[in-house]
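Welcome, and please have a look at the model below before reading on. The notes after it are meant to be read side by side with the coordinates.

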Amino acid sequence: MTELDHRVQGVDHTAFPTFDPAGTVRFYRDVLGFPVVHSICAAGWGPEDHPDFIHFFFDIGNDDRIAFFYYFGLEPVHRHERGDAYAGFGPDVPEFFVRSRHLAIHVGDEDDLLEYRRRLDASSWPVEMQIKHETIESIYTHDPNGYMVEFTRAMRPVTPQEDLDANLTIDALLDVVGEGDPTFGKLLARKAELIVERAAEWELSRAGEPGR
């Protein structure tokens with residue numbers, strides 16, 4: 001497979017609807033300290049039934065932004081207790097699935113992570129979980145719209161070997177999904193096969209490294 005050149009420079013913005021603009025501004029600007037950096041006010045947009053709206057943006061660092069749409073006169077689109085402003089989930093949907101969609105914001109170190117924990121715990125949106133998993137440590141809460149927000153810091157650098165393992169895992173996943181009836185066991189078995197198949201190629205690559 002030909003490797004494509006990587007030209008993107010991160011996330012310009014990610015956008016969500018809100019039915020609580022006041023709470024949203026309190027959470028992101030006043031509690032977390034993310035400044036408002038842009039807003040768009042529009043009287044309708046395209047189709048005749050499109051409501052008037054405001055689209056407003058918060059700076060989340062590194063020239064990245066999180067943005068929200070508030071549509072004047074639009075009522076909440078669902079009445080489920082679980083979920084967020086965008087989508088609701090009934091009791092038949094497992095909790096792990098509901099929690100899988102979230103926004104993760106990177107911070108520099110443990111001090112920064114704990115500072116955001118302090119800000120959140122002093123607000124109406126305290127931290128719900130603090131977890132160390134593999135190479136990162138994270139705190140989680142939900143914003144006023146029900147969106148899960150994560151703050152995360154790296155506990156150590158990710159190694160080239162881990163990058164290689166990640167690509168190997170994805171290649172195995174695509175193979176077992178393509179065969180139909182995928183399982184975790186089949187994924188691990190196919191990954192083991194790929195390791196055996198590619199071992200000779202890796203050894204040749206290592207032999208050509210400087211100093212060998």
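Here is a short tour of the fold record, the core, the surface and the charged pairs.

This is a predicted model, so local features are taken where pLDDT is at least 70, and side-chain atom pairs at pLDDT 80 or more. The largest nonpolar core holds 23 residues, and a search of the whole structure turns up 17 salt bridges.

**The annotated region**
- An unreviewed UniProt entry lists residues 10-154 as "domain: VOC".
- Across residues 10-154, 19% of the chain is helix and 37% is strand.

**The nonpolar core**
- Tyr 28, Leu 32, Phe 34, Leu 120 and Phe 151 touch the most other members of the largest core.
- Two or more residues of this core come from each of α1 (21-31), β3 (53-59), β4 (65-71), β7 (102-106), α3 (110-121) and β10 (148-154).
- What does Phe 34 contact, leaving aside its neighbours within four places in sequence? Its partners are Tyr 28, Arg 29, Phe 58, Asp 59, Ile 60, Ile 105, Tyr 116 and Phe 151.

- Ile 66 sits in strand β4 and has a relative accessible area of 1%, so it is buried.
- Beyond its neighbours within four places in sequence, Ile 66 contacts Thr 14, Phe 16, Tyr 28, Phe 56, Phe 57, Phe 58, Ile 60 and Leu 103.
- Ile 66 and Tyr 28 are 38 residues apart along the chain, with 9.3 Å between their C-alpha atoms.
- Phe 68 also belongs to strand β4, and its relative accessible area is 0%, which means that Phe 68 is buried.
- Outside four places in sequence, the contacts of Phe 68 include Phe 16, Pro 17, Thr 18, Thr 24, Tyr 28, Ile 54, His 55 and Phe 56. Among the others are Phe 58, Asp 143, Asn 145 and Tyr 147.

**Salt bridges**
- Side chains of opposite charge can pair when their charged atoms come close.
- Asp 5 and Arg 7 form a salt bridge through their side chains, at 2.5 Å from N to O. Both partners are exposed: Asp 5 has a relative accessible area of 54%, and Arg 7 has 69%.
- Another salt bridge joins the side chains of Asp 12 and Arg 65, at 2.6 Å from N to O. Asp 12 lies in the segment before β1 (13-17) and Arg 65 in strand β4, so this pair ties together parts 53 residues apart in sequence. Asp 12 is partly exposed, at 44% relative accessible area.
- Glu 137 and Arg 153 meet through their side chains in a salt bridge of 2.7 Å, N to O. This pair links distant parts of the chain, with Glu 137 in strand β9 (residues 136-142) and Arg 153 in strand β10, 16 residues apart.
- Are Glu 137 and Arg 153 buried or exposed? Glu 137 is buried, with a relative accessible area of 5%, and Arg 153 counts as buried at 11%.
- Asp 175, Arg 190, Glu 193 and Glu 197 belong to one network, joined by salt bridges that share partners.

**A nonpolar surface patch**
- Ile 170, Leu 173, Leu 174 and Val 177 make up a nonpolar patch on the surface, and together they have about 350 Å² of accessible area.
- Val 177 is part of helix α4 (residues 160-179) and counts as partly exposed, at 48% relative accessibility.

**Backbone angles to check**
- Most residues other than glycine have a negative phi.
- Asn 62, which is not a glycine, has a positive phi of about 60°. Asn 62 is in the loop between β3 and β4 and counts as exposed, at 66% relative accessibility.
- Asp 181 also has a positive phi, near 55°. Its place is the loop between α4 and α5 (184-207), and Asp 181 counts as exposed at 59% relative accessibility.

Definitions and conventions:
Residues numbered from 1 in each chain as written. Heavy atoms only, no water. Core = buried A, V, L, I, M, F, W, Y, C linked by side-chain atoms within 4.5 Å. Buried < 20%, exposed > 50% of the residue type's maximum accessible area, 1.4 Å probe, protein only. Helix = DSSP H or I, 4+ residues; strand = E, 2+ residues; numbered from the N terminus. Contact = heavy atoms within 4.5 Å. UniProt positions renumbered as here; feature names shortened; annotations may be inferred. Patch = residues over 30% accessible without salt bridge, like charges linked within 9 Å, V, L, I, M, F, W, Y side chains within 5 Å. Areas by Shrake-Rupley, 256 points an atom, 1.4 Å probe, with all protein chains shown as cover. Salt bridge = Lys/Arg side-chain N within 4 Å of Asp/Glu carboxyl O.
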